[in-house]
Amino acid sequence: MDSRDELLGQRIAGLERRIAYLERIVKVSQILNSTLSLEPLLRIIIQSATELTHTEACSIMLLDKRTGELTFSHSVGHGSEGLRDVTVPLDNSIAGWIVRKGKPLLIRDAKNDPRWHSQVDMTIDFDTRSILGVPLKVKDQIIGVMELLNKIDEQGFSQDDIQIASTLAAQAAIAIENARLLDELQRAYDELAELDRLKSDFVSIASHELRTPLAVILGYASFLREEVSGEAGEQLSAVLQSALRLRSIIDDMVNLRHVETGEIQLERDIFSMTELISEVTGEFNQLARAKQQMVRLELPDDPLKIDADRQKLYLVLANLLSNAVKFTSPQGRVQVSAERKGEEIWIAVMDTGVGIPERDLDRIFTRFYQVEPTLTRRYEGMGLGLSIVKSMVELHNGRIWVESVVGKGSRFTVVLPVSPYNAEPIAETASNS
Ligand code: ADP
């Protein structure tokens, strides 16, 4: 073989090494992108580092900012199992020097270097000869060190080795940072969940405690309202109205909690939807009349039998009607209609009220969302009603949406399956009986 062949052979071997190195880096990057679990990733990184640099051992040490010490987190090589959690001081150690200077360090003869910390070798019965250490950096912060020990080839560490070690160390640093961020996020979620639990407990205790005295107030106020007339009677009406309003707020809070905790269950019954609509509308008639509003009902002769939870659908209709009356000015109109379309009942609650801007059409169904800012709003309410309505409708496998033009009015449509669970349409059962 002449010298040209030899040179070519060397260049090919060099290129092969480079390809192997690049392949490994690509593999590590792929794993880094596809996993959030740190353990297997760091194992692959240190394993790749020793193989690509032809070294006997590799370790990752992480800096504990509180104690100012470096702790072994992952290692491969002789005795590596004994290294976990072993600490190294920042002073008088090679790893400490790398952390403080923030740059790689190559030592051909470790034992004769004054910075060498011999304690670790003694702990695991290892014989360190040469060291290549690189810092683990996250942005400008050094979070640890990766060290490669004892180059197997005679010629010692090369410039390529420094590059391999630095690239793999950068990937290890990203993986460690990702894991730390994930951990922080998880902790924040846990705290949030705990706060949410405390809030729910508070709501349930508060609403329970408020209900009892309120029932007494309502009882006495209703009784006295029957007995007393004149100005005092009007004042009692105001007391009664406020107490009823308080009760509806407490009911909303209780319902919200039930929805949130998933404690809510359907108590199904077969009943007439037209009857339920007439009943609820009747209850709002007085309120509408007080505002000189006209309430119209457009119902078919078909009783629109449905297999559903009557009380929950009562709540749905009551909330929609209450909003329709509330957000419509005096002399306005409110209309409720219902019809059967195939295996569904379509109910529409329309008003000629203030309307809802387009950007808020979806948002009004989220908890505590109100179109007007709370402090300047003209209408009472907590922004809870529609979120509860939506949950109740969805619990029935139904759907709800709103169409609206600001200044002209709104139309809420509720679509409910005639029978959410039965394959048999219940209208046939009803007509057979
Ligand atoms: P609130 O207790 O505030 O009425 P809801 O959840 O029932 O809470 O409604 C949320 C918001 O949606 C209301 O504050 C209001 O801004 C808007 N909204 C609901 N119904 C109507 C309606 N019929 N007309 C106009 N705006 C409405």
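Let me start with a working definition: a residue is buried under 20% relative accessible area, exposed over 50%, and partly exposed in between, using a 1.4 Å probe and protein chains only. By that rule Lys 408, at 63% relative accessibility, counts as exposed.

Before we go on, a word on the model. It is predicted, so local features need pLDDT of at least 70 and side-chain atom pairs count only at pLDDT 80 or more, while totals for chains, interfaces and linings use all residues. Residues are numbered from 1 along each chain as its sequence is written, and side-chain values use heavy atoms, with hydrogens and water left out.

Back to Lys 408. You will find Lys 408 in the loop between strand 12 and strand 13; helices (H or I, at least four residues) and strands (E, at least two) are DSSP runs, numbered from the N terminus. Contact here means heavy atoms within 4.5 Å. Leaving aside neighbours within four places in sequence, Lys 408 is in contact with Asp 351, Thr 352 and Gly 353.

Now step into strand 13, where Thr 413 sits. Is Thr 413 buried or exposed? Buried, because its relative accessible area is 4%. Beyond four places in sequence, its contacts are Trp 346, Ile 347, Arg 399, Ile 400, Trp 401 and Glu 403.

That brings us to the nonpolar cores. A nonpolar core is a set of buried Ala, Val, Leu, Ile, Met, Phe, Trp, Tyr and Cys residues joined through side-chain atoms within 4.5 Å. The largest one has 42 residues, and Met 273, Leu 313, Leu 320 and Ile 347 have the most contacts inside it. Among the elements giving two or more residues to this core are helix 7 (273-290), strand 12 (399-405) and strand 13 (409-417). Helix 8 gives the most, with 8 residues. Take Leu 320: not counting residues up to four places away, Leu 320 touches Val 349, Leu 386, Val 389, Ile 400, Phe 412 and Val 414. Apart from this core lies another, of 30 residues, including Leu 32, Val 134, Val 138 and Ile 162.

On a 1 Å grid over the protein atoms alone, a cavity is a set of points where a 1.4 Å probe fits but cannot get out; a pocket is an open set with protein on both sides within 12 Å along at least five of seven lines; and lining residues have an atom within 4 Å of a point. Grid points are joined across faces, edges and corners, and a volume is the space filled by probe spheres set on the points.

How many cavities of 30 Å³ or more does the structure hold? There are 3. The largest cavity has a volume of about 250 Å³. It is lined by 26 residues, and the closest to its centre are Phe 72, Val 120, Thr 128, Glu 147 and Leu 149. Strand 1 gives the most to that lining, with 4 residues.

The second largest pocket has a volume of about 560 Å³. Of its 19 lining residues, Leu 62, Leu 63, Ile 143, Ile 176 and Arg 180 are the closest to the centre. Helix 5 provides the largest share of this lining, 6 residues.
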